[in-house]
Each structure stands twice: as structure tokens, then as C-alpha cells.
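Colleague: I am new to this structure and would like to be taken through it. Could we look at it together?
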Amino acid sequence: MNLIQIKKSLRKKIFPSDEIITLLKKHNFKSCLDVGSGTGFFLETLYEKEIIKTGVGIEVDEKYFRKINKDLEIFSKEDLDKTNKTFDLIVFNDVLHHIDQKKPFIDDYVKLLSKDGYLFIKDMNPKNPFCKYFNRLHDLIFAQEIIKEITQNELVNHLNTFTLSDEGTKRIFLYDHYYLLLKRISNR
Ligand SMILES: C[S@@+](CC[C@H](N)C(=O)[O-])C[C@H]1O[C@@H](n2cnc3c(N)ncnc32)[C@H](O)[C@@H]1O
């Protein structure tokens, strides 16, 4: 097993795949942008479950850059900016807690969402203090980063040109997750 395969199998153990796949399976998307895709495990899952037809992952870490198959690829934001691609699903899956300036970061990608497109955001729920500090410790050890969460309410308030389509929470071990599916309000 190489490093990417090990990371993928660890992610699967603490990720609420069943709930999220059930939620997203109600839709079919032509094109997906996965911001902070890491190994590409989520892109691959969406593709295998036939929720998306094509996908691009964006990473800062070059070790993840690769063509996964004919329809899925991971590259840099700089390379994305050289294209005029738009997407009907944009995903932020556990990336926002790693970002300092979260709102401009989100807005920079939301520009690439097609009319009537959807945003899917999954992140760590800071509601329970014990879980919050457990996950912060996890990231301090494994990512050597002091992270800062964003709450569901902050996101919904910021994304005021979107309507909440679906949402959920799930705790796995001490990893407390929330997820939101938001749809762009077409006349705004
Ligand atoms: C916790 S991992 C999540 C990876 C993946 N989304 C998943 O669910 O398996 C966070 C990822 O965000 C990436 N990342 C951090 N800052 C970023 C940025 N400014 N732009 C794009 N990716 C970023 C990191 O390199 C890392 O792979």
C-alpha cells in the first residue's frame, strides 16, 4: 500500500459516507469541483456511485496531483485559473477548518458554480467542546496545524444567495461532522 492508499482507507473509517452518499444520490451532477481534495477519495466515491460524471480536485499539496482516470483529475488552483471551467457541484470537504480567511476562499470558488448549481460542505462540528478539542489535537498531530472551525450558521449566513437544500450531522468515534447541501438561488 502506498501513502495515498493508506490515507484513503483511514479517511473512510472516520467519514460519514453512508449518510452523505444517500443525500447526494438524489442528484446527478455533470461536473464537480472538489476543493482541497487530498487523495481524491471523495471525488472517486462520487464517481463510483454515479453521482458525478466528471470531476476536478484542487490541491496545494503537489503529492496529490494526478490523473485518477479519464474523467477525474487533481491539480492546482493556478492551473484551474487558466481554464474557463464551471461546475454544477462544488465541494468543500474538510478543507475549511484549514483555511484562515474562509469567506474570501469560498467566494473565490463559488464564482465557478454554474447557474442553479449546488455547494456541498462538510466540516468538523465545533458544538461539543470535547469533540472540538479532540479533532484540533488530531490536526495538530497529523497536519501540524492549529485549525479553526466554521459553524453551520456562519456558512448559511455568509452564503445568503443560496438556499439550504439538505443538511445533517453525524458523530463517528469522537469525530463530530456536519454537512450542508446548498442550492444557488437562480435570480440572485
Ligand atoms: C483534511 S484534508 C481533506 C482532504 C479531502 N477533502 C478528504 O476529504 O479526504 C484537507 C486538505 O486540504 C488541502 N488544502 C489546505 N489548504 C488548501 C488550499 N488553500 N487550497 C486547496 N487545498 C488546500 C490540504 O492539502 C489537504 O489535503
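Modeller: We can go through the sheet, the core, the ligand shell and some single residues.
Colleague: Before that, what kind of model is it, and how are residues numbered?
Modeller: This is a predicted model, in which local features need pLDDT of at least 70 and side-chain atom pairs count only at pLDDT 80 or more, while totals for chains, interfaces and linings use all residues. Residues are numbered from 1 along each chain as its sequence is written.
Colleague: What is the order of the strands in the open sheet?
Modeller: The eight strands run E3-E4-E2-E1-E5-E6-E8-E7, and their pairing is mixed. Helices (H or I, at least four residues) and strands (E, at least two) are DSSP runs numbered from the N terminus, and two strands pair if DSSP finds at least two bridges between them.
Colleague: And which are the edge strands?
Modeller: They are strand E3 (66–67) and strand E7 (162–172), each of which pairs on one side only.
Colleague: Do E1 and E5 pair in the parallel or the antiparallel sense?
Modeller: Strand E1 (residues 29–35) and strand E5 (residues 87–93) are parallel, with four bridges. Leu33 has Ile90 in E5 as its bridge partner.
Colleague: Which strands does helix H3 touch?
Modeller: Helix H3 (residues 41–48) packs on the sheet and touches E1, strand E2 (52–58), strand E4 (72–75) and E5. The direction of H3 makes about 175 degrees with that of E2; axes are lines fitted to C-alpha atoms, for helices over the stretch in contact, and angles run from 0 to 180 degrees between N-to-C directions. Contact between two residues is counted when their C-beta atoms, placed from the backbone, lie within 7 Å.
Colleague: Which residues of H3 are buried?
Modeller: Phe41, Phe42, Leu43 and Leu46 are buried in H3. A residue is buried if 20 or more other C-beta atoms, placed from the backbone, lie within 10 Å of its own, exposed if 12 or fewer, and partly exposed in between. The buried residues of H3 pack against helix H1 (3–13), H2, E1, E2, E4 and E5.
Colleague: Turning to the core, how many residues does the largest nonpolar core have?
Modeller: That core has 35 residues, and those with the most contacts inside it include Cys32, Leu33, Leu89 and Val91. A nonpolar core is a set of buried Ala, Val, Leu, Ile, Met, Phe, Trp, Tyr and Cys residues joined through C-beta atoms within 7 Å.
Colleague: What is Val91 in contact with?
Modeller: Leaving aside neighbours within four places in sequence, Val91 is in contact with Cys32, Leu33, Asp34, Val35, Phe42 and Phe120.
Colleague: Changing topic, how many residues surround the ligand?
Modeller: There are 17 residues around the ligand, and the closest are Gly36, Gly38, Asp61, Asn93 and Asp94. A residue counts as near if its C-beta atom, placed from the backbone, lies within 6 Å.
Colleague: Why does Asp139 count as partly exposed?
Modeller: Asp139 counts as partly exposed because it has 16 C-beta neighbours inside 10 Å. Asp139 belongs to helix H6 (residues 129–142). Not counting residues up to four places away in sequence, Asp139 touches Glu145 and Ile147.
Colleague: Finally, over how many bridges do E7 and E8 pair?
Modeller: E7 and E8 pair over ten bridges, in the antiparallel sense. Lys170 stands opposite His177 in E8. The hairpin of E7 and E8 has two residues between the strands, and Phe173 takes a positive phi near 55 degrees there.
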